[in-house]
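Consider how a protein chain can be read as separate parts, and what joins those parts. The sequence and the model are shown here.

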Amino acid sequence: MELNTLLQYKPYSTARTEKRALYAGLLTGLTQFHRERCPEYGRLLDALGCPAHMECTVESTPMMPVSLFKELELRSIPEGEVFKTITSSGTTGQRVSRIFLDGATSACQQQALCQIMSDFLGERRLPFLVLDSRQVLRNRAMFSARGAGILGFSIFGTRPCYALDEHMELDLDGVRAFLEEHQGETIFLFGFTFIIWKHVVRALEERGERLDIPNGILVHGGGWKKLAGEAVSPGEFKARVAAATGVERVSNYYGMAEQTGCIYMECPQGHLHASLWSDIVVRRGRDYRPCEPGEEGVLQVLSPLPRSYPGHSLLTEDLGVLLGEDDCPCGRKGKYFKVTGRVPRAEVRGCSDTYEG
């Protein structure tokens, strides 16, 4: 199947048997494509002993450690066809991943993101409250994962308001003016988890102030490592957000710069969902065999979207548990799971971890 045809499907309408058949062809083709066009990827497959023309399934597609994007320039297109370079997050002094996108790959990833978010937000663009600073967008040529996230999600909003000033201080007057202008409307809020926690929730609590956004929908991601360090659970995060802002609809998402667009959204049941354009395998750390449902292991993420770089099958540095497939009470088809932590000794990272202060 052509990828453009796949992008016309609904994101959570395809059950296991059909999805596996689709992915077998797409992953087989992508593995061969990248092997022929990215020398470093080809050498990796040779080192792994992968045959020249291998048939791939979700479980058998060769995995590339996501950390290699920090070490190598991995692209399957000529340098002159690079449309955009996205850098992953990383704390000060860490190397960052560099992801090279051509126009077609970028468009596919954006279309997938649109389909996923429409399933959660609806088709209509909503007033957009960004729980971050406009300063993140200063360098438009070299996107950080945080800046790319804001820009990517901005297509679902209209008339954006940035809640933080250039000093990362809460602009309470500006936010209240925006809310007054859109009184009675559904507000789409977006931000990165630790920044929301530190610069919005705790800032409001310390001031003894509260926002009133009863029709708000908050989407957030990244930065759980720092919250865990402060002993803040997802449940407490949601409760404190609701108390400080009035927002009751809060959805986390799991995603990474290395597979931009095909994010894993959290449903009302608290489960992260793979869409039609992504899949996961949870693997045992000792031998990398697939885990059973309910068994914790290392997350492998797959997507048929990356074509300008070999990012279609990546071994992450995250731990998780597969909870089920096709039977989530929310009604969405596909695998659903939870992220439980980081692989021991893996570098700390996360879109909102990049800001120190």
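The text below takes up the domains, the interface and then some side-chain pairs.

This is a predicted model, in which local features need pLDDT of at least 70, side-chain atom pairs count only at pLDDT 80 or more, and totals for chains, interfaces and linings use all residues. Residues are numbered from 1 along each chain as its sequence is written, and side-chain values use heavy atoms, with hydrogens and water left out.

The protein is divided into domain 1 (3-64 + 271-342) and domain 2 (112-253); the bounds come from an automatic or database domain assignment. The centres of domain 1 and domain 2, taken over C-alpha atoms, are 29 Å apart. Domain 1 brings 10 residues to the contact and domain 2 brings 7, where contact means heavy atoms within 4.5 Å.

The size of an interface is often given as the accessible area lost when the parts come together. Between domain 1 and domain 2 about 740 Å² is buried, with 63% of this area from carbon and sulfur atoms; buried area is the accessible area (1.4 Å probe) that two parts lose on being put together, summed over both.

The rule finds 1 salt bridge across the interface of domain 1 and domain 2, a salt bridge being a side-chain nitrogen of Lys or Arg within 4 Å of a carboxyl oxygen of Asp or Glu. Asp119 forms a salt bridge with Arg332, and their closest N and O atoms are 2.9 Å apart.

By this rule the count comes to 18 salt bridges. One of the salt bridges joins the side chains of Arg35 and Asp46 at 2.8 Å, N to O. Arg35 lies in helix H2 (residues 16-37) and Asp46 in helix H3 (residues 39-47), 11 residues apart; helices (H or I, at least four residues) and strands (E, at least two) are DSSP runs, numbered from the N terminus.
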